[in-house]
Amino acid sequence: MKHEIAEAAAMERARARLYTFFSDLLLNPPTAERLDKLFTVAGETAMEMLFPGHPDVETFKQISWRHRFGRRQDQDFLLDYEALFRVPGESYVHPFESVYRQHDDPHAKGGKAALWGREAREVAQLYKDEGLQPREHFDGLPDHLGVELEFVAFLSCKCAAAMECGDQDKAQGFYAKRAAFLAEHLLAWSGKCLTRVGQNASTPFYAALAALLKSFLEDEKYQMLEAANF
Amino acid sequence: MSATSRRNFIKGAMALSGLLMTGGCMSESSQPKNWISGAPDPDMVEGAKVVRTVCLGCHSACGLQVKAKDGVAVKIDGNPYHPNTREPQLPYATDPKEAENVNGTVCAKGGATLQTMYNPYRLQHPLKRVGPRGSGKWKTITWEQAYGEIIDGGDLFGEGHVDGLKAIRSFDPIDPGAPELGPKANQLSFMAGRIEHGRKEFTDRWFENCYGTVNRRNDHTSICETSHHIGLDLCFKGSHHIKPDIMSAEYIIFFGTTPYEANFPMQALARKLNYFRERGGTMVIVDPRFSNSAAKAARWIPILPGTDAAFALGMMRWMMENDRIDLEYLSFPNAKAAKQGAGHLTWSNATCLVRDDDRKLLKDGDNLLVMSNGSLASAEEVKSADLLVDTTVDGVRVQSVYKLLRDRVMERTIQQYAGICGLDAAAIEREADDFTSHSRKATADFYRGSVQHTNGTYTARTLGILNFLIGNISWRGGCEAHGGSHWHELGGKPGNPYDIKDKKKEFLPGKVKASGVHIDRHKNRYEETTEFKKNGYPAKRPWFPFAYNHVYQEVFPSIAAQYPYQTKCLITYWNNVVYSAPAGIRQIEAVKNPKVLPLFVAIDIVMGETSSLADYILPCRHFLEDYGTPHVAPTILTTTSGLRQPVAEPAFKDTKMLEQIFIDIGLKMGLPGFGKDGLGPGRDLVEPWDWYKLLVANIAYGDKEGDSVPGATEEEKVRYVVERGGRFEDYKDAYKGPYTKHAYKGPCFIYNEELATSSDSMTGEFYDGLPVYEPVKDCLGRPVENMAAEYPFHIITYHPVYHAQARTAASPWLMGVTPEEVIQINAGDAEHLGIKHGDMVRVYSESNKDGVRGKAWVMEAIRPGIICIPHSLGHWQYSSKSFELDDKPTGSASWIGRGCSANPVMLLDPHLKDVCLQDPIGGSSSFYDTRVAVEKV
Ligand code: SF4
């Protein structure tokens, strides 16, 4: 029993790391330093272990090799990141929940797909309820895809910590919160947004990243459903 | 997940730890702060009532979609039906409920008008002064007392008897020896600052046709850009506003305006120019200041103020010398020839012949004559006429208009023109080349900066005529001289149910006809007066026969001079002339003496600089609590009739709409046109909506038979318009083939005969009928001394995008984004004077040696030698300081008075000494002809 709890806690921590990993890449531009850390043998191995057999791991590895062997595409990645996540234009994906939830097609003309919609306020309140606040220099919105991923990571960490302390009720509480947040927020819109990232990305890197995250979240959904049935 | 997969997942995730860079975007806290403050809270808006109205944050007249909850306006967006706020706007047939899901845009000023509506410093009850005029001591009175005293007069202030409105309303002549001055009723003057369509026709009716005074409006346009209108009115027949057709143009040169910050409608101009630039259009900004627009332009031309006409004449010279004039267009002498010859909807008078003896056009009876292939012919009967004519007809030398223009243009070389402008000749040549390289898809446009000079009307004509030389008027992508205009709310068109203009005298039983000379002498000819017969030139003060828009800055000095007659009662509305006019502070004394001006009633929402000088202040409503039927500028090519209507409960219950005040006074005085059947049989006039519902019905039925909005009854049709905040032609109807749909179809006057044959009331000299550059002059036609050694700088002003005239200073949001540093000075000039950014400096002129003080804004974005102070700051009333009300000091907010204004240092006319320099033709006040000195204090 003890072993099972320890393994469950380790799984939660692993989950949290993966959520944090994607959050980090979505919230921050691909600086040279960040790319140097990412495109390493360790990075390639991690991807292989996390997404065994996924076709986009191969893409990731090829980009990583090229980077390691001097054929860097830093500028391309930066432009792609800016166009996808920062600069409203043809490729912009509007990475905010309330944009997707209030309007089916955030690119439709004349629709009401507002920033700071109801969902943004809801998630901001959830973060606050957990004692979280935006860091001083962070000026993003609370329903940014990266922020929501970070919040799931936070809940997973809390869940793991409770398990490690033997407080099953508390762990159960965090688990339930995580499941509710995924169902009511993250999973309700991230699929559409990530599909759009895949379509609009001008580099294979961000297309692969979107595909990997999408498959991870689908897996999460599947596991949540399984747990609920169980 | 199998055990192995789980283990791999955990191992893989462990490996990720080393790849991460940041600690995330959130941190834990025992008292977590909110994400951002000031985020809109749609909760308040959900379930709110949506009312569509029209903004009056500035004169752009953008439609607003206002949400009100529990009688309080809580959120302002753009009305998506209104063409100012969206590209394209929603089709008019869209269901109003569905339209609530769509917002148009509003600018910062528009959104902040909530703060001027709920401004805690608004006046809440009628006030009567209890000290001398301007002493700042007031008491609250009831409406009944105010009405009684204003109407009946009496010893109202313990200073002797004052005639009330009843006593002043006499139809005996003011001066039997000068009957042209009209009846004594003219001794009542109304002087509105900002007054708009629907409302101004109401007050015109009250003053002119119910009360019987000719002094019915005296509105502010002469401190805005009236010479732009007058100049263009002298270029076209019945049109007085041009704008480029931005959405189809290729090249636009803007003189003296910054369409990304001001001009009309500001936000639509800015949006359309973004599309224009995205398409690769070339925008050129001619302005001494590197404005927001200059920042987005292909080229910025930092011209010297007041020299735009010289630039245009230089362009004309290059065009003439490089065969870039559309001579074919100019050679068409009539409408048919122009249409059949090259598809033009307009034609010019370039081929008309000007007589040397009397400056008139050569005519045979009423027929204009031209030379066609060397023979004299009726302009109506030939397909084309000669452009370069200099001959003799019946012993009189006659020259064609184009020949005279050519001679005028050739008086100076391009280098000389450039010298006047303080530029290189290459700048003029480059724009002349580019302007003439886009066929008809190019426009020279201008606004306030070009015309608020003593040479304003001449400059307006010269710039307008630049367009005629490429034949671009009324073409898609060219110069629009009409725009979509509006449905005729006052009726008189075949489809309208109510002819409120009242040709048949059905809408104003007992109508009075006002007559006589206006207090500001606009539209009046000095030569027709007894004074002229006695004294000849110069007149005591200038007369403005062409200034159909009133001469705002002349009213107070004329009252003080009791010229041409004494004003016994002045009623102002939304008027702040002493703050807003150049050298306006010098007009304060003009209205302070009750012996000269016995009764002064101000209608205002705040204790303004001007209303603070009144005897009574009647508190009126904010525009979000008001009605109106505003029009838009020709920037908008589709027909647009906005409807202003109250969006919420009035913020202060004891205030009244302007119309209600005049209905009340009309009823109490027993004037014709009010109460039962006041608007004709079966049409009472007891509240403002009685008036406006007729106007809205006219809009709903439209101008032509079959032009009506849907609805089985008048009530349904009116509701259709009310729900949408007006009536708007669909965006798709902007064009008709190669033309704009509602294009100007008429003559284009390169030579204006009426102007050329009229004399100035001060100099007795004829005005110039051709494009011309004229240096700065005083009212006696004397060049204003430069005094560059003492006053090395030229001062200019502008409206920042987040301000408009006087009222915006009461918004904490707008003042919050207004920099503390307001005196803009070139960095090189500042260094020379030892001025650093943020230093306190004094700016002073020959007319105001004390000057104004403010913090320096040292910048590169201004031509050296120019000082610029943006408008809307530097209030000394407006509740920036307290006044005494019912023996107690009122609350105040010093931030409302932050900064300074350029107006107090503007030059006084050296001859008149009580008013700023003025354009003798258009009546514009000069905002940009003053030289100043600057020093660190
Ligand atoms: S441009 Fe003028 S009318 Fe339009 S929203 Fe702004 S302030 Fe109001």
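Is Lys61(A) buried or exposed? Select it and see: at 12% relative accessibility, Lys61(A) counts as buried (buried means under 20% relative accessible area, exposed over 50%, partly exposed in between, using a 1.4 Å probe and protein chains only).

Before going on, some housekeeping. You are looking at a predicted model, where local features need pLDDT of at least 70 and side-chain atom pairs count only at pLDDT 80 or more, while totals for chains, interfaces and linings use all residues. Residues are numbered from 1 along each chain as its sequence is written, chains are lettered from A and ligands numbered from 1 in the order in which they are written, and side-chain values use heavy atoms, with hydrogens and water left out.

**Stop 1: chain A**

Helices here are DSSP runs (H or I, at least four residues), as are strands (E, at least two), numbered from the N terminus. Glu48(A) is partly exposed, at 36% relative accessibility.

**Stop 2: two strands in chain B**

Now pick Lys67(B) and Asp77(B). Their salt bridge has its closest N and O atoms 3.0 Å apart. Lys67(B) belongs to strand 3 (residues 63–69) and Asp77(B) to strand 4 (residues 72–78), ten residues apart. Lys67(B) is buried, with a relative accessible area of 6%, and Asp77(B) is buried too, at 10%.

**Stop 3**

Jump to Lys849(B) and Glu846(B), whose side chains meet in a salt bridge at 3.6 Å, N to O. Lys849(B) is partly exposed at 46%, and Glu846(B) is partly exposed at 35%.

Next, select Asp204(B), Glu208(B), Arg216(B), Arg217(B) and Asp219(B) together: salt bridges link them in a network. Over all chains, the count comes to 72 salt bridges.

**Stop 4: Leu405(B)**

Where does Leu405(B) sit? Look in helix 14 (residues 401–409) of chain B. At 0% relative accessibility, Leu405(B) counts as buried. Show its contacts (heavy atoms within 4.5 Å): leaving out residues up to four places away in sequence, Leu405(B) touches Met316(B), Met320(B), Leu469(B), Ile750(B), Leu770(B) and Pro771(B). Finish by drawing a C-alpha to C-alpha distance from Leu405(B) to Cys421(B): they are 20 Å apart in space and 16 residues apart in sequence.

Terms used. Salt bridge = Lys/Arg side-chain N within 4 Å of Asp/Glu carboxyl O.
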